[in-house]
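Have the structure open beside you as you read.

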Amino acid sequence: MNAPLSHPPKAELKPDTGTTPVMAQFLAAKAGQPDAILFFRMGDFYELFFKDAEIASAALGITLTKRGKHQGEDIPMAGVPVHALDGYLARLIRQGFKVAICEQLEDPAEARKRGSKAVVHRDIVRVVTPGTLTEDTLLDARGANRLAAAAVRKGRAAVAVVELSAGAVDSVACDLADLGAVLAAFRPSEVLVPDRLFSDEALKGALDGSGGVVQAMPQALAEPVASRDRVQRLYGVSALDGFGAFEEAEVSALGLIAAYLETTQAGKIPALAPPRRSGETGFLAIDPATRLSLEIDRTQRGERDGSLLHCIDRTVTAGGARALAERISRPLRDPTAINHGLDAVEWLLERRDLRGDLREALRASADVARATSRLALGRGGPRDLSAIRSGLATAQMLAGLFAPSRDPLTGPSARLAACLDRLALEADTSHLLADLTDGLVDEPPHLPRDGGYVRPGHRPELDAARTLRDDSRRVVADLEARAVAESGVPFKVRHNAVLGYFLEASAKAAEGLLRAGPDSPFIHRQTLASQVRFTTVELSELDAKISQAGHRALAMEGETFEGWRREVARLAGPLQGVAEALAELDAHAALAEWAQEVGAVRPAVDDSLCFAVEAGRHPVVEAAVKAQGAPYTPNNCKLAGDGVGASRLSIVTGPNMAGKSTFLRQNALLVVLAQAGAFVPARSMRLGVVDRLFSRVGAGDDLARGRSTFMMEMVETAAILTQATPHSFVVLDEIGRGTATYDGLAIAWATAEALHETNRARTLFATHYHELARLEERLDHVCNLSMKAREWNGELVFLHEAAPGAADRSYGVQVAKLAGVPTAVVGRAREVLDRLESEKAATARLDDLPLFAMAEPAPPPMKSALDDAVAAIDPDELTPREALEALYRLKGLSRS
């Protein structure tokens, strides 16, 4: 099982009599999050103390110093600049640490009003964990970042998943045996599990395969009654019935999510969509081993490049990339829903120009879902508002783009029409777009405190404050000119730190003003030897305004931003709907684009037990082969679970390197693509919908759990034999190869019989045990296929063609030669192989082979008279007659 999050040791830190107020504040905050590294805000730095400082120094490579004493010992300290927080956070989270952020919640000037020794108020504003990231700098824009929770109640399991950065929530109830497949499909970054389940050995494999960091939670947080109350509080409802009929295990899992969000978000309520409840029959079940074997969304090295998802991804937006990834990771099981997706792809495929315009419009969009989530949590900035503006503008544009094609007969398919309906902006959303278009500058700064993001003319009072801030010299000059015109005195406006702004004139010029009565607008302030200084009410007010203009302008921009932020939070539901519609349109258009590029066709998907592919191609391998300028050899494959018109199980034999594994994976991936609503690289395909997909191709061990390669193979085989149904699709490669020959053959034979007779699943069974070819004669619905190869001039040529019939040999020695095995070893292998194949009693004849025959390399062949004669001939020097005579001479030597 994955280790829980790395936490600092829980040291007992208590204030003593000599503790400073700031350190006491730190210790109080640390007591609230003892298992997290605490980033404590002090001015322009986040400081870390005690064990947190030592851990951060080692993990981040920052300087470790000392500051003051606590209980008679030096206090270790480290710090990072506020502006660099995200980079350091990302590094700590990747290393498995949990980080609490303690912020200053008031201005130091406000604290000083309470007394010179008052401490700035601070508190924890969030706890950062792998599954609760929302910042763009910490996230993969094209990949979902999910927090999952698993719970078990009354023999049933459930998984709840939230993508906090986008607001999506899913809930799935399933059998215990399917828990691993459900978790692996979501690929969470973090998994919450009641601590009681850590002792359940049966669930360790499921948690291991999730790919996320596992976090133990108190069992009490998963109790259904308390969990239900917590979820209702999260959504602000009095009952969950409006969201669906949840099983107890689902409520428990959702309750764990709600409890964790309450803790990590420090009371802030995220903008979450209602839970989407998908039953266990809604999606194709793919266990973690199969997902890894087929490299659906990640390769076996854990990279996106080289996976099926990477190969077909033609999306132009981050949201579309995430939607496509979910679609490929969780293929559907309902033929009607699958065909709705295929309808959408087909409609866009047939309209190339419209598809191009759609994709061009989407490129101008932004990540509305993540921007909305950040703003709702109070972490967003002006650029998030800009993202929402561009997303809403794109939605308006697309509504107009598709308007001419909304004909009832030839218009968009049902799925596309539903997307377009969600893009129709409501009155409040349209008003938000208009307000952002009018008030937000084209290229706003990243942070609200930077200012300058409200467009001039949007707020007259803000424009006035900016004018005072930026053009104070001109404003003062205008006032000076008016004062001179009104008084007739040649005033000059001056400024000093004592009087501020004032009007100054010579003593002689000011004589008339000094004799003026109290009704004069010019108020005497100061008399010097040769100068007299005056002020006016307007000048005094201007003085205050100018000195405060910068602060006032920033404050008014902050008010405007906060108003927009609150409106976004209020409209989070409709905005998320727009985001989902834009993402889905991008995913459909991307699949259509890919289908056109590679010549993919629409599969026929129904409720039958058929699997028929004509000229199918492996999408990833084909792309790699074509990139090298080589052709790809397509192959046919036909299976029928009921045995009507085709075999239920195909035994696939042939040489190593001939393409057996590629053929197996190819057909499994065609199932994934078809049920994801994508076109498939083939001439044609008919698929009876698959409920469970199993692939045991390749080998690996699990040394940490004491499992050898063969043991892992048997564990995976056992899972297939216990879970596969007549609607399943199974690909198996070389079962039984990790043990003695006869043991392996026996296991492979029995497994093939069970899949045929008991599970009755459509199966491709690759093997080097040629004895299994006899199953074609013994079982009703078995056929043999072989990957063709030919020997040419002593070299092995792979044809990569799957043809009826069994292979007669495996060509292992030839493959060893191609791999560069030393000539002596290859020669010895041929000798042993020839002896084995020439005798029926192979074991008895092996004893006749010299024990150390390979130790002596074969002596070089002796040169014959014929060799010498050939070497002596220089063809360029021979006349035709001499050449003929040499030929007769060589022929004579060959007979001697």
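In this predicted model, helix α14 (residues 368-376) packs against helix α15 (residues 382-402) at an angle of about 140°, and their axes are 9 Å apart. That angle makes α14 oblique to α15. As for handedness, the crossing of α14 and α15 is left-handed.

Now for the charged side chains. Side chains of opposite charge can pair when their charged atoms come close. Searching the whole structure turns up 58 salt bridges. Here are three of them:

| Salt bridge | N to O distance |
|---|---|
| Arg146 and Glu326 | 3.9 Å |
| Asp313 and Arg304 | 2.6 Å |
| Arg533 and Glu504 | 3.0 Å |

What does the pair of Arg146 and Glu326 tie together? Arg146 sits in the loop between β6 (122-128) and β7 (147-153), while Glu326 belongs to helix α11 (residues 318-329), so the pair joins parts that are 180 residues apart in sequence. Arg146 is buried, with a relative accessible area of 11%, whereas Glu326 is partly exposed at 24%. These two also belong to a network of salt bridges that links Arg146, Asp170, Arg276, Glu326 and Arg330.

With Asp313 and Arg304, both residues are buried. Arg533 is buried too, at 14% relative accessible area, and Glu504 counts as buried because its relative accessibility is 13%, under the 20% cut-off.

Finally, let's head to the surface. Leu884, Leu887 and Tyr888 form a nonpolar patch there, with about 360 Å² of accessible area together. Leu887 is in helix α32 (residues 880-895), and Leu887 is exposed, with a relative accessible area of 56%.

Methods. Residues are numbered from 1 along each chain as its sequence is written. This is a predicted model: local features need pLDDT of at least 70, side-chain atom pairs count only at pLDDT 80 or more; totals for chains, interfaces and linings use all residues. Side-chain values use heavy atoms; hydrogens and water are left out. Patches are made of residues with over 30% relative accessible area and no salt bridge: like charges are joined within 9 Å, nonpolar side chains (Val, Leu, Ile, Met, Phe, Trp, Tyr) within 5 Å. Accessible areas come from the Shrake-Rupley method with a 1.4 Å probe; for residues, only the protein chains shown count as cover. A salt bridge is a side-chain nitrogen of Lys or Arg within 4 Å of a carboxyl oxygen of Asp or Glu. Helices (H or I, at least four residues) and strands (E, at least two) are DSSP runs, numbered from the N terminus. Buried means under 20% relative accessible area, exposed over 50%, partly exposed in between (1.4 Å probe, protein chains only). Axes are lines fitted to C-alpha atoms, for helices over the stretch in contact, and angles run from 0 to 180 degrees between N-to-C directions. Angles under 35 degrees count as roughly parallel, over 145 as roughly antiparallel, 65 to 115 as roughly perpendicular and the rest as oblique. A crossing is left-handed if the near helix is turned anticlockwise from the far one by less than a right angle, and right-handed if clockwise.
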